[in-house]
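Good morning, colleagues. Please have the model open before you as I speak.

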Amino acid sequence: MDPTIILQAGVASGTVLLFATIGEIFAERAGVLNLGVEGMMLMGAMTAFSVALLTGNAWLGVLAAMLVAGLLSQLHALITIHLQADQVVSGLALTFVGTGLSLVFGEGLSKAGGGALIEPFSIPLLASIPVVGPIFFANQSPLVYLGYLLAPAAWYYVYHTRPGMNLRAVGEYPAAADSMGVNIYRLRYLYVFVGGVLAGLAGATISLAVSPGWFSELTTSGQGWIAVGLVIFAQWNPLRAMFGAYAFGALRRLILDIQGPTVLFGARNPFFYNPYLGFFLQMLPYAFTIIILVLGSREAVRNRLGAPAALGLPYVRGERGR
Amino acid sequence: MTDTPNVVTMRGIVKRFPGVLASDHVDFDLRRGEIHALLGENGAGKSTLMNILAGLYRADAGAIEVHGKAVQFGSPRQAIQAGIGMIHQHFMLVPSQSVTENILLGLTHPRFWLRLAENERVVSELGERFGLKVDPKAKIWQLSVGEQQRVEILKMLYRGADVLILDEPTAVLGPQETEQLFKTLRNMTQQGKSIIFISHKLNEVMSIADRVTVMRRGRVTAADVATKGSTTAELARLMVGRDVLFRVHREAQEPGPVVLQIEDLHADNDRGVPALRGLSLEVRAGEIVGLAGVAGNGQRELSEVITGLRRAKSGRVRLNGENLTNQPVRKAIERGLAHVPEDRNKVGSSPNLSLTDNLIMKQYAEEPIGRGWRLDAGEAAAFANRLKHSYEISAPSVETQARLLSGGNLQRLILAREISTKPKAMIAMQPTQGLDVGAVEVVHNLLLEQRKQGVAILLVSEELEELLSLSDRIAVIYEGTIVGDVESGDVEWIGQLMTGSSGAL
């Protein structure tokens, strides 16, 4: 129950959520809701672990995971963008497809032993800053450091660059962007792909860095869904996503750690002696996600949070204006 | 031909849509520095022709020359590159983005970094030069409709357009804003821009355009008409192919007792913001009260509260003394309240149901159509046929789906249904919006006929002229309250009240 360790581990496990959340932010900013994050993450985690095991190179595993999850996302893109099917249904289906495929291809993988992993390291100087250093810069995975760079870069891209402005326009009012010569279909495919690639990276982060190994669907244990909820919590803003992801990561770690000691604050630890209380605690992040998703599905709340106005709507040329 | 060279020449333009010849060998030309009106009823093919020029549609046949060079546009972008920009009726602006961002949208420069500050300066300079003042930093949703239109025009000017096509630009503006727009347009022609002004409003065409091309049913019925030396009546005849009565015949009649009474009504809009703030209004039997106002000042909410579709927070709606506030819609219908909603296609009718089903919607529970829990299909069809005949709804049969009707016929259907209930009061929201001159006349006559029958009519419209010719009194709504009650047709005063610039609040 060392707070520094909880926060340090929270940042590491929050990095998984961070990648997946930012990926989903890109897709949703372009107007495509992809509920297949969990499935894409599982495919990513499985691919990363297998490739690292076969080739002995963990970074090859990461690349393969990003590519495979990116390709999987294009199935959702095809179904929702060109065939204009319902995004919720297609996204749910994508989760089933991703989960199923990863279980089939990952059969036996959990007993295959350890392959190459991505080794953590400390950043000299920064790691010696009091309080902040040990949490953020000591003995962390390079993927965690990548997360520190990705979130601000994504934020800057969305709000301060021309392609970012086009991205926001595509998710807000595609007809306006179309009339100005922005290719809606191409951009939507692209950003769904980006979402898939980052979900794959999130999966690889689990299986090669944060909690190495392949534990079938327990590898991700629903973190893809938490990411979908975090997008709403973050109000589609990558910087807020960073805060939310690390907070959720730390919460998950705290829930694990609080069940460890027999004595808590000088008293008998109820979470140790009563396993049901522990289960209750473990449920909390998911319950919270459900609450966010329910609240976030209300039109009025969405408007107030600044949800992309065209989120979930297929774009058909000719149905201009309204 | 003339000493001013043509900026745009279109020859023999043909465009076919399934079942319609929208453009039938149309010729059109635009001279430098002129305002050229394209006049015609709805569905005459004006917008089709201009969408071809703006690169949105491809013509099936015909040739287009811009500045003497033959062109063929595959997309709006190519048209804009050739200097042709179209401002559509529905604005193509992203509400959550700023004015400058909207203007930069889709451009290839700046390549990656936005450099907002620099471009904001360019935008405000451009606005100053053409008299299109708007804050470049403001978000679109913060702007009035008139300001949004300025952004649309700026968008085209920023791209270097020298031909501007405006599709019904005044439809969304109040009188003062329209005047402002006309001033800007004249100013732009002086700086060498050429303007095509699509409209079906004769008076506006007379006051702004130099020349007029009139279209009817996909053909040009008159080209190169100078507005100097023509009269409104002449243009109207060219437009509809027959003489149109402009003065509707409204006989003087003493209004009866108060039928519809609204007292201190408060209600919120969909976003939970107060839309009605203590509105009071009375309509007497045999009286048409016109409600004038710029769209979005509470008209829709008012009609919804009266008809029971929206909850009032406080206040009273009474029909013949009986309280209707926050009562079921059914009760209002039973007590004799007729409703002609603004949205004919989704609220006023059910598009996928037949004419019969749409016509019996307010009678199905009563004898002889409704018998207990059963519907008498024969009686229903007979009832529908009777109405179809007497209101001249043109459709193959009463089994035709309502969505296949034209706007004018659909409005006849709705009026037929509402009038068949023998109402005591009627709320008519924008009953002639988007209808052609012939259909407008029918609607006007039906409303006047109801007035004669002693129905209390509340007519909500954004067409001041319509209100002036039909109403016994005009009430002006602004920000959810009635700011003035005008009996004579003082247009300027009404305009000031509508825009809140009267100081009367």
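The strands concerned are β3, residues 35-40, and β9, residues 211-216, both of chain B, and they pair in the parallel sense over five bridges.

Chain B has a mean pLDDT of 86, and 94% of its residues reach 70 or more. For the complex, the predictor gives an ipTM of 0.80 and a pTM of 0.73. Where pLDDT is low, the predicted coordinates should not be read in detail.

Now to the sheet that contains our opening pair. Six strands of chain B make up this open sheet, with mixed pairing, in the order β6-β7-β8-β3-β9-β10. At its edges stand β6, residues 84-87, and β10, residues 219-226, of chain B; each has a single partner strand, so one side of each is left without a neighbour in the sheet. On average, neighbouring strands here are turned by 15° against each other, direction ignored.

Which helices lie across strands of this sheet? One is α5 of chain B, residues 145-158, which lies across β6 and β7 and runs at about 170° to β6(B). Another is α6 of chain B, residues 175-190, which lies across β3, β7 and β8, at about 150° to β8(B).

I turn next to the other sheet. Four strands of chain B form it, again open, in the order β12-β11-β14-β15, and the pairing is antiparallel. Its edges are held by β12, residues 274-284, and β15 of chain B; since each has a single partner strand, one side of each is left without a neighbour in the sheet.

Let us follow the strands across. Eight bridges join β12(B) to β11(B), and here B:His266 has B:Arg277 of β12(B) as its bridge partner. Strand β11, residues 258-268, is joined in turn to β14, residues 314-319, of chain B by five bridges; B:Ile262 stands opposite B:Val317 in β14(B). Finally, two bridges link β14(B) to β15, residues 322-323, of chain B, with B:Leu319 opposite B:Glu322.

What do β14(B) and β15(B) form? They form a hairpin with two residues between them, and B:Asn320 in the turn has a positive phi of about 50°.

Helix α9 of chain B, residues 299-307, lies across β11, β12 and β14, running at about 120° to β11(B).

Thank you for your attention.

How values were computed: Residues numbered from 1 in each chain as written. Chains lettered and ligands numbered in written order. Predicted model: local features only at pLDDT ≥ 70, side-chain atom pairs only at ≥ 80, totals over all residues. Heavy atoms only, no water. Pairing = 2+ DSSP bridges. Axes fitted to C-alpha atoms, helices over the stretch in contact; angles between N-to-C directions. Contact = heavy atoms within 4.5 Å. pLDDT = per-residue confidence, 0-100.
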